[in-house]
Amino acid sequence: MANHTSTQASFENQPTWAGGRSPFNVSYGKLMMWIFLLSDAFTFSSLLVQYGTQRFSNVVTPITTKWPDPASIFNHFPLMHGLHLPLLFVSVMTFILILSSVTMVLAVEAGHRKSKAEVSRYMVYTIIGGVAFLSCQAWEWYTFIHEGARLDGNTFGITKQGYDHLKSVGFGSHFEWADGDRTFGPVPFAALFFIVTGFHGFHVFSGVVINVVVYIMTVRGVFERRGHYEMIEKAGLYWHFVDLVWVFVFTFFYLI
Amino acid sequence: MEFYTKPGEYDAINYVPHTESHGTKELWKTFWLLLGITVLDFVIYFVMPASGFRNFIFIFFGLVKAYYIVGAFMHLKHEKINLALVILVPMIFVLGLISGLLYEGSALEVMKSM
């Protein structure tokens, strides 16, 4: 079958990339994926820089801040009602994403060996990981919204203790103290959480869709006929980028 | 099923350099590293009281994780240096934006409490 001819053979006689060869020794598609990811990195940077600016405009001393403490908000774990478990659930989410990154990269490696069975198996694992992560995020959002967080409102503030400390260091009169031992903190806290994790979750969702498409193409033997599994690498680049963004979301929204 | 790829046609677009498997050793090493750093994040979070230094550690660990994800998983370490620079150098502008806007954020705080 003529279709088995590698595209590499005919490359020699073609004015590839106008200059006669690939400038970076990568394919056109892969370079374009990199350029897209660069622009996407700028998108997420702008969101995270906005988060940083809002947060810095609510700092009173280096340690005390009117910004709510994530540990007192994201401290839930499914089926463990009433327990204070900060960081645990989001660590599980991080673990799921790292694991699905590994299965993705194993699919890429299997693609180098042109092993169709292994590629499709690892793609299935990756898709499962992505869906598991999205489910976790849905639960996280559900809990957060259930406790009163909205795009245009934030029921989370600092504790009475923190308020007293702020008062003792003199923070000005713009800060409203509500009844009870909680204040209503800065609105951007909830808004930025929804926007940034939502945007990231949307990327995970698109990644899952891309992975499903690529998986179907693998199973139907498209890459086998094409002679290379580079599409797996391109989908993999996107998937790892999603993991990369999560590293920073995890750091700035939960750890700090 | 036919996609846009037909061997012999559009070769400028479809040229793909030959790639070989380098085994899974480096990949698993990277996985254990990422997992280890995340566990370390978790431990430090509970062991150390909140401070600027702790935040510095978390950001540093984040950058280390980013280095391994981009370098090993996204394979940028093994690409041509030109490609790596094309991707990484523009991010310098983000560093500028971060330092600028964090400073402005602090100034905003001072203005609000005046």
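Helix α8 of chain A is mostly covered, with 23 of its 26 residues buried. Buried here means 20 or more other C-beta atoms within 10 Å of a residue's own, against 12 or fewer for exposed and anything in between for partly exposed, with C-beta atoms placed from the backbone. This is a predicted model, in which local features need pLDDT of at least 70 and side-chain atom pairs count only at pLDDT 80 or more, while totals for chains, interfaces and linings use all residues. Residues are numbered from 1 along each chain as its sequence is written, and chains are lettered from A and ligands numbered from 1 in the order in which they are written.

Now for chain A as a whole. Its secondary structure comes to 8 helices and 0 strands, where helices (H or I, at least four residues) and strands (E, at least two) are DSSP runs numbered from the N terminus. Of the 256 residues in chain A, 38% are buried. Among its contacts with a separation of 6 or more, 75% join residues 24 or more positions apart; a contact needs two C-beta atoms, placed from the backbone, within 7 Å.

Back to α8(A), which runs over residues 230-255. Its 26 residues reach 36 Å from first C-alpha to last, close to the 38 Å expected at 1.5 Å a residue. That expected span is 1.5 Å times one less than the number of residues.

Here is how some of the helices pair up. Axes are lines fitted to C-alpha atoms, for helices over the stretch in contact, and angles run from 0 to 180 degrees between N-to-C directions.

| Helix pair | Axis distance | Crossing angle |
|---|---|---|
| α8(A) and α3(B) | within 10 Å | roughly 175° |
| α3(A) and α8(A) | 10 Å | about 160° |
| α3(A) and α4(A) | within 8 Å | roughly 160° |

Take the pair inside chain A that involves α8(A): its angle makes α3(A) roughly antiparallel to α8(A). Angles over 145 degrees count as roughly antiparallel, under 35 as roughly parallel, 65 to 115 as roughly perpendicular and the rest as oblique. The crossing of α3(A) and α8(A) is left-handed, meaning the near helix is turned anticlockwise from the far one by less than a right angle (clockwise would be right-handed). Residues at this contact include A:L97, A:I98 and A:M104 from α3(A), which meet a set in α8(A) including A:W239, A:W246 and A:F250. In all, the contact divides into 12 nonpolar, 5 polar and 2 charged residues. Ala, Val, Leu, Ile, Met, Phe, Trp, Tyr, Cys and Pro count as nonpolar, Asp, Glu, Lys and Arg as charged, and the others, Gly among them, as polar.

Helix α3(A) also crosses α4(A) in a left-handed way, and that contact has 17 nonpolar, 6 polar and 2 charged residues.

In α2(B), the buried residues are B:T30, B:F31, B:L34 and B:D41. Their cover includes α3 and α8 of chain A together with α3 of chain B.

A:L48, in helix α2 of chain A, is buried, with 20 other C-beta atoms within 10 Å. Beyond its neighbours within four places in sequence, A:L48 is in contact with A:V196, A:F248 and A:F252. A:L48 and A:F253 are 205 residues apart in sequence but 9.5 Å apart in space, C-alpha to C-alpha.
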